[in-house]
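Please look through the sequence and the model below before reading on.

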Amino acid sequence: MCRDKEQSLNLILENRKIIYKICHAYCRDPEDKKDLEQEIILQLWHSADKYNEHYKLSTWIYRIALNVAISFLRRESSRKKRTSPIDQEIIERVADECEPQGLENNLERLYHFIYQLDGLNRALMLLYLDDHPYKKVGEILGISESNVATKISRIKQQLKQAFEAEPDQ
(Lines give C-alpha, C1' and ligand atoms only; values in the text may rest on other atoms or scores of the structure.)
Protein backbone atom coordinates (compact mmCIF):
# COMPACT_ATOMS: atom_id res chain seq x y z
CA MET A 1 0.00 0.00 0.00
CA CYS A 2 2.50 2.55 1.23
CA ARG A 3 5.14 3.10 3.87
CA ASP A 4 3.20 5.81 5.73
CA LYS A 5 0.96 4.09 8.30
CA GLU A 6 -1.45 7.05 8.43
CA GLN A 7 -1.96 6.84 4.68
CA SER A 8 -2.37 3.06 4.95
CA LEU A 9 -5.06 3.50 7.59
CA ASN A 10 -6.89 6.02 5.41
CA LEU A 11 -6.84 3.62 2.44
CA ILE A 12 -8.22 0.83 4.61
CA LEU A 13 -10.97 3.13 5.89
CA GLU A 14 -11.82 4.25 2.34
CA ASN A 15 -12.34 0.60 1.41
CA ARG A 16 -14.24 -0.44 4.55
CA LYS A 17 -17.32 -1.31 2.47
CA ILE A 18 -15.42 -4.30 1.12
CA ILE A 19 -14.61 -5.38 4.67
CA TYR A 20 -18.20 -4.87 5.81
CA LYS A 21 -19.63 -6.94 2.94
CA ILE A 22 -17.31 -9.82 3.64
CA CYS A 23 -18.01 -9.74 7.38
CA HIS A 24 -21.74 -9.62 6.73
CA ALA A 25 -21.57 -12.59 4.37
CA TYR A 26 -19.37 -14.76 6.57
CA CYS A 27 -20.86 -14.12 10.01
CA ARG A 28 -24.39 -14.00 11.33
CA ASP A 29 -23.60 -13.13 14.91
CA PRO A 30 -22.90 -9.39 15.45
CA GLU A 31 -20.01 -10.15 17.80
CA ASP A 32 -18.44 -12.52 15.28
CA LYS A 33 -18.79 -9.82 12.62
CA LYS A 34 -16.91 -7.38 14.85
CA ASP A 35 -14.19 -9.96 15.57
CA LEU A 36 -13.79 -10.76 11.88
CA GLU A 37 -13.69 -7.08 10.96
CA GLN A 38 -10.92 -6.50 13.49
CA GLU A 39 -8.95 -9.47 12.20
CA ILE A 40 -9.24 -8.28 8.60
CA ILE A 41 -8.18 -4.73 9.47
CA LEU A 42 -5.28 -6.02 11.53
CA GLN A 43 -4.11 -8.28 8.70
CA LEU A 44 -4.40 -5.43 6.17
CA TRP A 45 -2.44 -3.19 8.53
CA HIS A 46 0.34 -5.74 9.00
CA SER A 47 0.46 -6.47 5.26
CA ALA A 48 0.48 -2.82 4.12
CA ASP A 49 4.19 -2.82 3.37
CA LYS A 50 3.82 -5.95 1.22
CA TYR A 51 1.26 -4.43 -1.15
CA ASN A 52 2.33 -4.77 -4.77
CA GLU A 53 1.23 -1.67 -6.66
CA HIS A 54 0.95 -3.67 -9.89
CA TYR A 55 -2.40 -4.88 -8.56
CA LYS A 56 -5.48 -2.82 -7.86
CA LEU A 57 -5.87 -1.93 -4.20
CA SER A 58 -9.41 -3.34 -4.06
CA THR A 59 -8.20 -6.67 -5.46
CA TRP A 60 -5.52 -6.86 -2.78
CA ILE A 61 -8.00 -5.95 -0.02
CA TYR A 62 -10.54 -8.52 -1.24
CA ARG A 63 -7.91 -11.24 -1.37
CA ILE A 64 -6.67 -10.60 2.17
CA ALA A 65 -10.16 -10.09 3.59
CA LEU A 66 -11.51 -13.27 2.01
CA ASN A 67 -8.53 -15.32 3.18
CA VAL A 68 -8.97 -14.02 6.72
CA ALA A 69 -12.73 -14.68 6.58
CA ILE A 70 -12.27 -18.24 5.36
CA SER A 71 -9.69 -18.91 8.07
CA PHE A 72 -12.03 -17.38 10.64
CA LEU A 73 -14.87 -19.60 9.42
CA ARG A 74 -12.68 -22.71 9.69
CA ARG A 75 -11.64 -21.81 13.25
CA GLU A 76 -15.25 -21.20 14.24
CA SER A 77 -16.32 -24.47 12.65
CA SER A 78 -13.60 -26.30 14.54
CA ARG A 79 -14.59 -24.58 17.78
CA LYS A 80 -18.24 -25.50 17.29
CA LYS A 81 -17.31 -29.16 16.77
CA ARG A 82 -15.61 -29.15 20.17
CA THR A 83 -18.69 -27.83 21.96
CA SER A 84 -21.39 -30.13 23.24
CA PRO A 85 -24.10 -30.80 20.63
CA ILE A 86 -26.76 -30.25 23.27
CA ASP A 87 -25.30 -26.87 24.21
CA GLN A 88 -25.11 -25.87 20.54
CA GLU A 89 -28.72 -26.96 20.00
CA ILE A 90 -29.88 -24.87 22.95
CA ILE A 91 -27.94 -21.83 21.72
CA GLU A 92 -29.37 -22.14 18.20
CA ARG A 93 -32.90 -22.60 19.52
CA VAL A 94 -32.69 -19.51 21.72
CA ALA A 95 -31.08 -17.52 18.89
CA ASP A 96 -33.86 -18.56 16.50
CA GLU A 97 -36.50 -17.40 18.97
CA CYS A 98 -34.73 -14.06 19.40
CA GLU A 99 -34.52 -13.37 15.67
CA PRO A 100 -37.40 -11.48 14.07
CA GLN A 101 -39.91 -13.86 12.54
CA GLY A 102 -39.37 -14.03 8.79
CA LEU A 103 -36.81 -12.28 6.71
CA GLU A 104 -37.99 -8.76 6.02
CA ASN A 105 -36.81 -8.21 2.48
CA ASN A 106 -35.22 -9.93 -0.47
CA LEU A 107 -31.75 -8.59 0.29
CA GLU A 108 -31.83 -10.14 3.75
CA ARG A 109 -33.12 -13.38 2.25
CA LEU A 110 -30.35 -13.32 -0.32
CA TYR A 111 -27.68 -12.90 2.36
CA HIS A 112 -29.38 -15.63 4.37
CA PHE A 113 -29.01 -18.05 1.45
CA ILE A 114 -25.49 -16.87 0.60
CA TYR A 115 -24.47 -17.46 4.23
CA GLN A 116 -25.30 -21.14 3.74
CA LEU A 117 -22.78 -21.51 0.88
CA ASP A 118 -19.25 -22.75 1.46
CA GLY A 119 -16.38 -20.27 1.72
CA LEU A 120 -15.34 -20.12 -1.95
CA ASN A 121 -18.89 -19.92 -3.29
CA ARG A 122 -19.77 -17.26 -0.75
CA ALA A 123 -16.76 -15.22 -1.86
CA LEU A 124 -17.75 -15.67 -5.51
CA MET A 125 -21.23 -14.34 -4.85
CA LEU A 126 -19.97 -11.36 -2.87
CA LEU A 127 -17.65 -10.36 -5.69
CA TYR A 128 -20.36 -11.02 -8.28
CA LEU A 129 -22.87 -8.87 -6.39
CA ASP A 130 -20.27 -6.10 -6.30
CA ASP A 131 -20.28 -6.21 -10.14
CA HIS A 132 -16.68 -7.31 -10.47
CA PRO A 133 -15.79 -8.75 -13.87
CA TYR A 134 -15.18 -12.50 -13.92
CA LYS A 135 -11.52 -11.91 -14.74
CA LYS A 136 -11.01 -9.86 -11.55
CA VAL A 137 -12.97 -12.39 -9.48
CA GLY A 138 -10.68 -15.10 -10.83
CA GLU A 139 -7.59 -13.07 -9.94
CA ILE A 140 -8.81 -12.44 -6.41
CA LEU A 141 -9.75 -16.06 -5.76
CA GLY A 142 -7.00 -17.71 -7.79
CA ILE A 143 -9.28 -19.57 -10.21
CA SER A 144 -9.83 -19.30 -13.96
CA GLU A 145 -12.32 -16.90 -15.51
CA SER A 146 -14.30 -19.80 -17.04
CA ASN A 147 -14.40 -21.54 -13.65
CA VAL A 148 -15.81 -18.32 -12.17
CA ALA A 149 -18.55 -18.22 -14.82
CA THR A 150 -19.47 -21.88 -14.30
CA LYS A 151 -19.55 -21.62 -10.51
CA ILE A 152 -21.61 -18.41 -10.53
CA SER A 153 -24.12 -19.95 -12.91
CA ARG A 154 -24.52 -22.97 -10.62
CA ILE A 155 -24.79 -20.81 -7.50
CA LYS A 156 -27.42 -18.58 -9.11
CA GLN A 157 -29.44 -21.68 -9.92
CA GLN A 158 -29.12 -22.86 -6.29
CA LEU A 159 -30.20 -19.44 -5.01
CA LYS A 160 -33.16 -19.38 -7.38
CA GLN A 161 -34.27 -22.78 -6.09
CA ALA A 162 -33.81 -21.61 -2.50
CA PHE A 163 -35.98 -18.53 -3.12
CA GLU A 164 -38.66 -20.66 -4.76
CA ALA A 165 -38.58 -23.27 -1.98
CA GLU A 166 -38.83 -20.63 0.73
CA PRO A 167 -41.26 -17.97 -0.51
CA ASP A 168 -41.26 -14.49 1.03
CA GLN A 169 -42.54 -14.87 4.57
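## The nonpolar core

In this predicted model, the largest nonpolar core has 41 residues, and those with the most contacts inside it are Ile22, Tyr26, Leu36, Ile40, Leu66 and Leu141. Two or more residues are given to this core by each of α2 (16-26), α3 (30-47), α4 (57-82), α6 (106-115), α7 (119-129), α8 (134-141) and α9 (145-165). Among these contributors, α4 gives the most, with eleven residues.

## How α7 meets α8

Two packed helices are described by the angle between their axes and the distance between the axes. For α7 and α8, the axes come within 10 Å and cross at roughly 145°, and α7 passes α8 in a right-handed crossing.

On the α7 side the contact is made by Leu120, Ala123, Leu124, Leu127 and Tyr128, while α8 brings Tyr134, Val137, Ile140 and Leu141. Sorted by class, the contact of α7 with α8 has nine nonpolar residues, with no polar and no charged ones.

## The buried residues of α6

Which residues of α6 are buried? They are Arg109, Leu110, Tyr111, His112, Phe113 and Ile114, and what covers these buried residues includes α2, α7 and α9.

How values were computed: Residues numbered from 1 in each chain as written. Predicted model: local features only at pLDDT ≥ 70, side-chain atom pairs only at ≥ 80, totals over all residues. Heavy atoms only, no water. Core = buried A, V, L, I, M, F, W, Y, C linked by side-chain atoms within 4.5 Å. Buried < 20%, exposed > 50% of the residue type's maximum accessible area, 1.4 Å probe, protein only. Helix = DSSP H or I, 4+ residues; strand = E, 2+ residues; numbered from the N terminus. Axes fitted to C-alpha atoms, helices over the stretch in contact; angles between N-to-C directions. Left-handed = near helix turned anticlockwise from the far one by under 90°. Contact = heavy atoms within 4.5 Å. Nonpolar A, V, L, I, M, F, W, Y, C, P; charged D, E, K, R; others polar.
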